[in-house]
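This briefing is intended to be read beside the sequence and the model. Please keep both in view while working through the points.

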Amino acid sequence: MLTDDFPPCTGGVATWSAWAVDALRTLGPVEVFARQRPDLAGATGVRGHHFSKHGGRHLALAAWRSLLGADAVLATTWPMATWAARLLPRTTPLHVVLHGSDITTGRPTRAFRRVAARAHVWAVSEHLVRCARSWGAEARVLPVPIPERPRLPGGDRWTFVARAHASKGGERFVRLVAAAGRPADLVGDGPELLRWKALADRLGADLTFHGALHREAVDGVLAHSGAVFLLSQVWTRGSAEGLGLTLLEAAARGLPGIGTNVGGIPEAAGLVLDRPDDPRASLAQIEAWWTERRGQEAQRWVRATHGVAPFLETLEVRSARPT
């Protein structure tokens, strides 16, 4: 695996990468080459000048000996595959997974076209498949290798888990919580956090801000949750959520997800709000939709659609070396 993000780095790509490695290791050994970050574990750290721009080259050169002996190579975003597409023997399958901003912003480049011509291109949502096609590349949806998780007991609190960035819709959540008059939790850190806190104070929202938490601590917050929200909006240069992994994680724990009609979020959410900037209208829509069964329905859907087995079965279609 060649990746920019790997735990302890947070975010959707890092989480997906860790799940994918665990799934693939049920079939055999997996080597991971990742951008060097503090406390990186379970991967070979790679450093390089301007990594965000030249990460594909740095990773491929650091992993060169392993690439030559690999049965298959998986890059978690297309920029990480740019040099592997050049250097790998043609008989070695190269897989690339599209997650979001690597395909939803900017325009197709020669480097992307070279990767798309060489690799098996996958995407975590139908939304990103359509984005890939608009860039002239064929892609298929790859189920998310989310592990089976025990159902959480749940509670009456609402929860928002995301980086505190304007694109994530935290302000919408604060206003919705204030209108609902119910207790809620917000997990995440970032540039908008102070503004969201000030808004919560001004509106009198019963909202606890936890900042960034480790995964175990997030589970502790979710144990008291009745629903998880991701209220993202389209942001700079048309960037939009590729899927909404937070909502899938919640569903895997038996918690229903509520989101917006942005990017791939409708493919992960149980309920899509029609008017997310109108707290009263959103609250009425939630109350009309809500039943005690929503959490069970979400967990059944995730297990039927995503998971380790569907992930491996789908990848295996194209994994064998040509004879």
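The points below are grouped by topic, beginning with the sheet.

The model is predicted. An open sheet of 6 parallel strands, in the order β10-β9-β8-β11-β12-β13, is described first.

**The parallel sheet**

- The open sheet runs in the order β10-β9-β8-β11-β12-β13, and its 6 strands pair in the parallel sense.
- Its edges are formed by β10 (207-211) and β13 (271-273), each of which pairs on one side only.
- From one strand to the next, the twist averages 25 degrees.
- Strand β8 (residues 157-161) is joined to strand β9 (residues 184-187) by 4 bridges in the parallel sense.
- Within this pairing, threonine 159 has aspartate 185 of β9 as its bridge partner.
- Helix α8 (residues 170-180) packs on the sheet and touches β8, β9, β10, β11 (225-230) and β12 (257-260). The direction of α8 makes about 175 degrees with that of β8.
- In β9, Ala184 and Leu186 point one way, whereas Asp185 and Val187 point the other way. All of these residues are buried.

**Strand β11 and its neighbours**

- β11 pairs with β8 over 4 bridges in the parallel sense, and phenylalanine 160 has phenylalanine 229 of β11 as its bridge partner.
- β11 also runs parallel to β12, to which 3 bridges join it. Here valine 228 stands opposite glycine 257 of β12.

**The nonpolar core**

- The largest nonpolar core contains 105 residues. Of these, Trp16, Trp158, Phe173 and Phe229 touch the most other members.
- Not counting residues up to four places away in sequence, phenylalanine 229 touches Trp158, Thr159, Phe160, Val161, Phe173, Leu176, Leu247, Ile258 and Ile286.

**Helix packing**

- Two packed helices are described by the angle between their axes and the distance between the axes.
- The axes of helix α11 (residues 245-252) and helix α13 (residues 294-305) come within 7 Å and cross at roughly 110 degrees. Because of this angle, α11 is roughly perpendicular to α13.
- Leu248, Ala251 and Ala252 of α11 meet Ala298, Gln299, Trp301 and Val302 of α13. The residues of this contact comprise 6 nonpolar, 1 polar and no charged.
- In helix α7 (residues 126-134), the buried residues are His127, Leu128, Val129, Cys131 and Ala132. They pack against β5 (94-98), α5 (101-104), β6 (120-123) and β7 (140-141).
- Just after α7, glycine 136 has a positive phi of about 85 degrees.

**Loops and backbone geometry**

- Most residues other than glycine have a negative phi, and most peptide bonds are trans.
- Proline 7 and proline 8 are joined by a cis peptide bond, with omega about 15 degrees. Proline 8 lies in the loop between β1 (2-3) and α1 (12-24).
- Aspartate 39 is a residue other than glycine with a positive phi, near 65 degrees. This aspartate 39 is in the loop between β2 (33-35) and β3, and its relative accessibility of 68% counts as exposed.
- Histidine 50 is not a glycine, yet its phi is positive, at about 50 degrees. The loop between β3 and α2 holds histidine 50.
- Glycine 48 is placed in the loop between β3 (44-46) and α2 (51-62). With a relative accessible area of 35%, glycine 48 is partly exposed.
- Glycine 48 and histidine 95 are 47 residues apart along the chain, and their C-alpha atoms are separated by 23 Å.

Key
Residues are numbered from 1 along each chain as its sequence is written. This is a predicted model: local features need pLDDT of at least 70, side-chain atom pairs count only at pLDDT 80 or more; totals for chains, interfaces and linings use all residues. Side-chain values use heavy atoms; hydrogens and water are left out. A nonpolar core is a set of buried Ala, Val, Leu, Ile, Met, Phe, Trp, Tyr and Cys residues joined through side-chain atoms within 4.5 Å. Buried means under 20% relative accessible area, exposed over 50%, partly exposed in between (1.4 Å probe, protein chains only). Contact means heavy atoms within 4.5 Å. Two strands pair if DSSP finds at least two bridges between them. Helices (H or I, at least four residues) and strands (E, at least two) are DSSP runs, numbered from the N terminus. Axes are lines fitted to C-alpha atoms, for helices over the stretch in contact, and angles run from 0 to 180 degrees between N-to-C directions. Angles under 35 degrees count as roughly parallel, over 145 as roughly antiparallel, 65 to 115 as roughly perpendicular and the rest as oblique. Ala, Val, Leu, Ile, Met, Phe, Trp, Tyr, Cys and Pro count as nonpolar, Asp, Glu, Lys and Arg as charged, and the others, Gly among them, as polar.
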